[in-house]
Amino acid sequence: MLHLRVIGPPDRTDAVRAVLAEEPGVAHLIVLPGAAVRPAGDVLEADVARECADALLGRLRDLGLDHDGAVTLEVLDTVLSDAADEAEEAAPGEGSDAVVWDELIARTGEESRLSFSFQAFLTIACLLAAIGAITDSPVLVVGAMVLGPEFGPLAAVAVGVVLRRRDLLRRGGLALLVGFPLGMAITALATLLFDATGLLSSSTLDHLDQVEFIYEVGPFSLIVAVLAGLAGILALTSAKAASLVGVFISVTTVPAAAFASVAAVEGRWREAGLSALQLAVNLVGIVVAAALALLVARRSRRRRDAGRALSSG
């Protein structure tokens with residue numbers, strides 16, 4: 001269940017109340033006249049089954065409450081109520097499969113920003129992946145995969161493509177186009193330092209048995225990227241963020257970027273080129289798969305809404 005709070009002008013309270021009362025997936029409807037101070041107005045609260053939240057938000061937006069008032073949603077971890085159980089049963093579909101598009105936009109928008117913390121995590125992940133490759137340690141490489149924050153911008157690009165949101169495309173694209181080159185440049189400087197201190201030589205790269213998957217590009221590179229994109233977007237839309245750990249371990253974006261820098265500094269142009277190709281295949285595969293999954297979810301929702309409209313008519 002989700003907790004919905006609406007602040008709106010008094011002249012729209014009856015309309016909002018009607019929208020909420022008509023929805024079978026709504027429970028615990030509360031109306032507090034004049035309770036809001038900034039912005040001034042009435043407050044309406046309700047607990048909403050996740051599967052009907054997206055349609056409700058659309059109807060509230062049609063009333064202009066996102067401009068003249070406020071609409072907020074928050075997840076309820078525990079609800080002990082027969083009324084809530086009945087609302088969830090009455091709502092069409094499954095809550096775990098429902099996509100709340102406004103929630104998805106807010107989440108991907110926040111996680112795709114080119115911030116200091118994003119760049120720091122990405123750079124540290126690249127450095128860890130480089131050290132893991134140099135030392136032929138798959139444990140460090142996997143650790144770098146888990147640490148890498150790149151799925152946020154990739155998801156934002158996918159959502160931006162599906163919803164034609166230029167702001168998400170611009171924000172996610174900027175984070176990727178600046179974040180990866182900067183992280184790779186710092187990794188290249190670290191590689192030069194390793195060379196100067198004798199920690200690394202070109203011959204070290206001749207004996208990489210455990211991490212060859214970083215630059216070995218093949219059909220499974222694309223297949224894994226597609227599966228990772230699908231799993232990642234499903235984790236975001238169903239609010240099962242823990243699944244993202246598995247997604248990060250499955251893709252080789254950060255290790256490929258890091259090894260491309262190391263191989264280029266060492267003059268291993270073949271490995272550098274293959275690593276760059278691996279990076280490109282993973283980035284494109286993840287975005288395309290995530291976008292296709294969102295398109296399917298969007299069309300399913302439209303068909304479901306059309307069916308409900310026909311049945312109610």
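**Salt bridges at a glance**

Glu-271 is buried, with a relative accessible area of 13% (buried means under 20%, exposed over 50%, partly exposed in between, using a 1.4 Å probe and protein chains only). Its partner in a salt bridge is Arg-268, with the closest N and O atoms 3.3 Å apart (a salt bridge being a side-chain nitrogen of Lys or Arg within 4 Å of a carboxyl oxygen of Asp or Glu). This is a predicted model, where local features need pLDDT of at least 70 and side-chain atom pairs count only at pLDDT 80 or more, while totals for chains, interfaces and linings use all residues. Residues are numbered from 1 along each chain as its sequence is written, and side-chain values use heavy atoms, leaving out hydrogens and water.

**The overall tally**
- The structure holds eight salt bridges.
- Side chains of opposite charge can pair when their charged atoms come close.

**The buried pair**
- Arg-268 is buried too, at 14% relative accessible area.
- Salt bridges with shared partners tie Asp-11, Arg-12 and Asp-68 into one network.

**Inside that network**
- Asp-11 and Arg-12 meet through their side chains in a salt bridge, at 3.8 Å from N to O.
- Asp-11 counts as exposed because its relative accessibility is 65%.

**A link between helices**
- Arg-61 pairs with Asp-102 in a salt bridge whose closest N and O atoms are 2.4 Å apart.
- That pair connects distant parts of the chain: Arg-61 sits in helix α2 (residues 50-62) and Asp-102 in helix α5 (residues 101-111), 41 residues apart (helices are DSSP runs of H or I with at least four residues, numbered from the N terminus).
- Arg-61 counts as partly exposed, at 35% relative accessibility.
- Asp-102 is also partly exposed, at 29%.

Methods
Helix = DSSP H or I, 4+ residues; strand = E, 2+ residues; numbered from the N terminus.
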